[in-house]
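Please go through the assembly shown below chain by chain, and then consider how the chains meet.

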Amino acid sequence: MEDGDQIIKKFMYMNRKAPYGTIYAWESLEVVLIAAAFDQDISLVFADDGVYQLMDGQNTEEVGMKNFSKTYSALGDYDIKKIYIEQESLEERGLSLGDLQDLKYEDEDDDWAEKDSIILISRAELAKVIDEQDVVFSF
Amino acid sequence: MAIEVDGQSYETDEEGYLEDLNQWRPELGSAMAMADGAPLDENHWEVINFLREYYEEYQIAPAVRVLTKAIGKKLGKDKGTSKYLYELFPYGPAKQACKYAGLPKPTGCV
Amino acid sequence: MSMLHTVNKSPFERNTLESCIGLAVPGSAILLMEDGVIGAMANTKHSEMVKAAMANVKIYVLGPDLKARGLSEGNVVDGISVVGYGDFVDLTAEHAAVQSWL
């Protein structure tokens, strides 16, 4: 895909770890926020234990860590509009989309209408989306 | 490093960012700006307060591009330009204003 | 006195919990903490294994780690006790030894 003379690549960030127990979730989020400055075609995937990163109602007061679950709501401001959640990962954990945060972006081309960033996707379909990427970062 | 305000000392990192953001008070922002040789007016405070609200909500300081867009939406189109923000904060709106707001250096500051 | 086993990794990520359950003698206690709290949740692929284990061992889960992850105490497998940091200290003192599974 080309936009003017700038080449736009498809970058995918694959998140597969639960938050807080390891640093992967927060590191991934920081990298995504930095990479968003380069106007590439970015998508995020939350699969396996990665789906826990988006759990609604996280409260880190007692564990004394930063509650970065609030930061996912800023992704829309950074023009990140494609957040894939793998359906089988939710099911294996007895979870559904209703257990996760709602993530939205404002569509510039549609009078700033609020739209859902979250895309529920099956494992089979996700495999195809991964295959279309230029670069996949694994966290 | 540290900064002194009203006889109290506040820890900062080597670039002058406050170590403990809970210690922040407006007087600290003013003192940091005075030390940089440029006192703050109400236009500066508008941006600083906006940054603090953004941090409270999202737990990050926004990148310049995001800040510019959001300021335009909140405070009017004439203020949502990098020219306006760089006039207020010549060292970089995100970097300098975040410092005065007691926030960590913005994520994505390259 | 029995042994207290602690597990701090998700059962989806590693087989730590499964090994621990297999190697803890009857009468032992298992405390799930950090990402290990995921092993305490009901209706997951691993819940049956955990339920079956409770016939022989007592299982505890650390409440602050559940809260941090947005996991509700109400969705914990029946029979698992939710405990705080103070209880963690007591458990450590009550048992002869602590075995941390990595």
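With which residue does Asp41(A) form a salt bridge, and how far apart are the closest N and O atoms? The partner is Lys10(A), and the closest N and O atoms of the two side chains are 3.2 Å apart. This pair ties together distant parts of the chain, since Asp41(A) belongs to strand 4 (residues 41–46) of chain A and Lys10(A) to strand 3 (residues 10–15) of chain A, 31 residues apart. The model is a predicted one, and over all its chains the count comes to 25 salt bridges. Side chains of opposite charge can pair when their charged atoms come close.

**Strands in chains B and C**

In chain B, strand 1 (residues 2–5) and strand 2 (residues 8–11) run antiparallel and are joined by four bridges. Ala2(B), for instance, has Glu11(B) in strand 2 of chain B as its bridge partner. Together strand 1 and strand 2 of chain B make a hairpin with two residues between them, and Asp6(B) in that turn has a positive phi of about 50°.

Chain C holds an open sheet of five strands in the order 4-3-2-1-5, with parallel pairing. Its edge strands, each of which pairs on one side only, are strand 4 (81–83) and strand 5 (97–101) of chain C. Neighbouring strands of this sheet are turned by 25° against each other on average, direction ignored.

**How the chains meet**

Two pairs of chains are in contact, and of these chains A and C share the most contacts. No contact joins chain B and chain C, whose closest C-alpha atoms lie 15 Å apart. The size of an interface is often given as the accessible area lost when the parts come together, and the table sets out this value for each pair of chains in contact.

| Chains | Buried area | Share on carbon and sulfur atoms |
|---|---|---|
| C and A | about 1600 Å² | 53% |
| B and A | about 1500 Å² | 51% |

Between chain C and chain A, 16 residues of chain C are in contact with 21 residues of chain A. This interface has two salt bridges, and Glu13(C) forms a salt bridge with Lys17(A), with the closest N and O atoms 3.9 Å apart. Seven residue pairs are in polar contact between chain C and chain A, both residues being at pLDDT 80 or more. On the side of chain C that touches chain A, helix 3 (residues 63–68) of chain C gives the most, with four residues, and by class this side has six nonpolar, four polar and six charged residues.

Between chain B and chain A, 16 residues of chain B are in contact with 17 residues of chain A. The count of salt bridges here is three, and the side chains of Lys73(B) and Glu106(A) meet in a salt bridge at 2.6 Å, N to O. Nine residue pairs are in polar contact across this interface, again with both at pLDDT 80 or more. The elements that give two or more residues to the side of chain B touching chain A are helix 2 (42–58) and helix 3 (64–75) of chain B, and the largest share, five residues, comes from helix 2 of chain B. By class, this side of chain B has eight nonpolar, three polar and five charged residues.

Methods:
Residues numbered from 1 in each chain as written. Chains lettered and ligands numbered in written order. Predicted model: local features only at pLDDT ≥ 70, side-chain atom pairs only at ≥ 80, totals over all residues. Heavy atoms only, no water. Pairing = 2+ DSSP bridges. Axes fitted to C-alpha atoms, helices over the stretch in contact; angles between N-to-C directions. Contact = heavy atoms within 4.5 Å. Buried area = accessible area lost by both parts, 1.4 Å probe. Salt bridge = Lys/Arg side-chain N within 4 Å of Asp/Glu carboxyl O. Polar contact = N/O pair within 3.5 Å; in protein donor to acceptor, adjacent residues only side chain to side chain. Nonpolar A, V, L, I, M, F, W, Y, C, P; charged D, E, K, R; others polar.
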